[in-house]
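Hello,

Here is the structure I promised to pass on to you. Please open it first, and then read my notes alongside it.

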Amino acid sequence: MSLSRFDTLLVANRGEIACRVMRTARAMGLRTIAVYSDADANARHVREADEAVRLGPAAARDSYLKVEAVIEAARRTGAGAIHPGYGFLSENGPFVEALDKAGITFVGPPASAIAAMGDKSAAKTRMQAAGVPLVPGYHGADQDDALLRAEADKIGYPVLLKASAGGGGKGMRVVESAADFQAALDGCRRESRAAFDDDRMLIEKYLTQPRHVEVQVFCDSHGGAVYLFERDCSVQRRHQKVLEEAPAPGMTASLRREMGEAAVRAAKEIGYVGAGTVEFLLDADGAFYFMEMNTRLQVEHPVTEMITGQDLVEWQLRVAMGERLPLAQDELTIDGHSFEARLYAEDPAQDFLPATGRLERFALDLAGAGLGSSQKGSDKVRLDSGVESGDEVSMHYDPMLAKLIVHGANRDQALATLNRALAALDVQGVVTNRGFLQRLAGHPAFKACELDTRFIEKHEASLF
Ligand code: ADP
């Protein structure tokens, strides 16, 4: 991969993440290039860029996912590097290879590292070799039905069937007993073939009350590697994160170090460069297991920025320019506590159906919420948004409008600030999940850190 200095950055994304990446790029003195589809011709990320290039029609496959169009836009504008954000082309190996050929820097890991983590079975084999703990299970190449069934019996029910090629929860099913195994296997194989053209399965012990705890890692191209501690993302709806926090409550210093070092081993095993996240399941007894590695900047990266005081996009751009990591492991510390709430244009009363329309008003009234509007006061509250008052919310893309991020001296203080900040959000014209976020953030069980990945399911009665 080509790493070299650049003065122009193309951001191959839209919405809040495109705006957030450009903010740091501008602060570093880089010229910023936006790309857009017809649905986004007047979007905030286009307004904020120094220059913008049209990619094509609204559908993502005709615009944001079009490798040749994105590379051509970079060529035409003299962009030396491309930041992919998350989603779209961020974990697309062939895109990274095409950039290498074109001599354009990809702000992310080498194609080989993306490939190593792209297949769940292959990734688990690599992680096992690197001494990273795995959920007990089977991830072998032999896919005979009877053999899989025997492996499931051996692991002990409940088990989780997962598509090796899977993602986004597709081709994944819990099997409660041996009697249900064959039907579940057939169903998963069908789903996986349809979604990924691949029906290889792996089996895991199904952990009944795990927490989702992930570690932020960073590697440079000189062999430097650090972890920037962990995030707890246990509050999920249909395997989608809703509320995240850092650090994870209840971590001991030794568990934090063990998980951090395992994550760094995982990254080093695959020759990683840049920002990455190693996701683990954490059991009630403190045992942790590798789940997967996301080879990109995560949606929830701001909570890590809040507790470490670091700008992860700046780190990414510096590493992409061939620089060493800005800090060593022993120079990184945790300050206070941070939460992130994801604001979606969706209707919780209608099974979270995506909502569209014109945003008549989109504002955060901090002073009104007693949070103060001074520079110092607003340091504690950050709104990463891809929209402004007057913008149109279409149905073409992910319905996330913005992320509300807060920081406090400790978890209780940060949670109080989150509740006040949520109340200070004034959104009119488009239905959002704000009320749902308020009920979550105000829930006594959440305040008491009773966290596991089924939190929303368990408390359904008081959340809807
Ligand atoms: P995908 O790539 O499809 O998102 P993951 O493997 O990342 O699938 O798992 C998604 C979510 O499913 C996790 O965040 C966790 O909540 C749950 N999960 C995954 N593996 C297990 C397991 N072995 N036991 C219990 N829950 C699991």
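Proline 158 sits in the loop between helix H7 (145-155) and E7. Helices (H or I, at least four residues) and strands (E, at least two) are DSSP runs, numbered from the N terminus. Before you go further, please note that this is a predicted model, in which local features need pLDDT of at least 70 and side-chain atom pairs count only at pLDDT 80 or more, while totals for chains, interfaces and linings use all residues. Residues are numbered from 1 along each chain as its sequence is written, and side-chain values use heavy atoms, with hydrogens and water left out.

Another cis bond links alanine 246 to proline 247, and its omega is about -10°. Proline 247 belongs to the loop between strand E12 (240-246) and helix H9 (253-269). Arginine 238, in the loop between strand E11 (225-237) and E12, has a positive phi, near 50°, although it is not glycine. Why point these out? Most residues other than glycine have a negative phi, and most peptide bonds are trans.

**The ligand**

Which residues come nearest to the ligand? Of the 21 residues around the ligand, they are Lys120, Lys162, Gly169, Glu204 and Glu292. Here "around" is meant as having a heavy atom within 4 Å of the molecule. That shell holds 8 nonpolar, 7 polar and 6 charged residues; Ala, Val, Leu, Ile, Met, Phe, Trp, Tyr, Cys and Pro count as nonpolar, Asp, Glu, Lys and Arg as charged, and the others, Gly among them, as polar.

- Lysine 120: a side-chain N or O atom is 2.6 Å from an oxygen atom of the ligand.
- Glutamate 204: a polar side-chain atom is 2.9 Å from a nitrogen atom of the ligand.
- Histidine 212: a side-chain N or O atom is 3.2 Å from an oxygen atom of the ligand.

On its own the ligand has 560 Å² of accessible area (Shrake-Rupley method, 1.4 Å probe), and the protein covers 94% of it. Strand E7 (159-163), strand E9 (201-205), strand E13 (274-282) and strand E14 (288-294) each give two or more residues to the shell.

**Two open sheets**

Strands of a sheet pair through backbone hydrogen bonds, either parallel or antiparallel. Two strands count as paired if DSSP finds at least two bridges between them.

Strand E1 (residues 8-11) and strand E4 (residues 81-83) pair over 3 bridges, and valine 11 is opposite histidine 83 in E4.

Another open sheet has 4 strands in the order E6-E9-E7-E8, with antiparallel pairing. Its edge strands, strand E6 (137-138) and strand E8 (172-175), each pair on one side only. E7 and E8 share 4 bridges, and valine 159 is opposite valine 175 in E8. H7 packs on this sheet, touching E6, E7 and E9 (contact means heavy atoms within 4.5 Å).

Enjoy exploring, and write back with any questions!

How values were computed. Polar contact = N/O pair within 3.5 Å; in protein donor to acceptor, adjacent residues only side chain to side chain. Axes fitted to C-alpha atoms, helices over the stretch in contact; angles between N-to-C directions.
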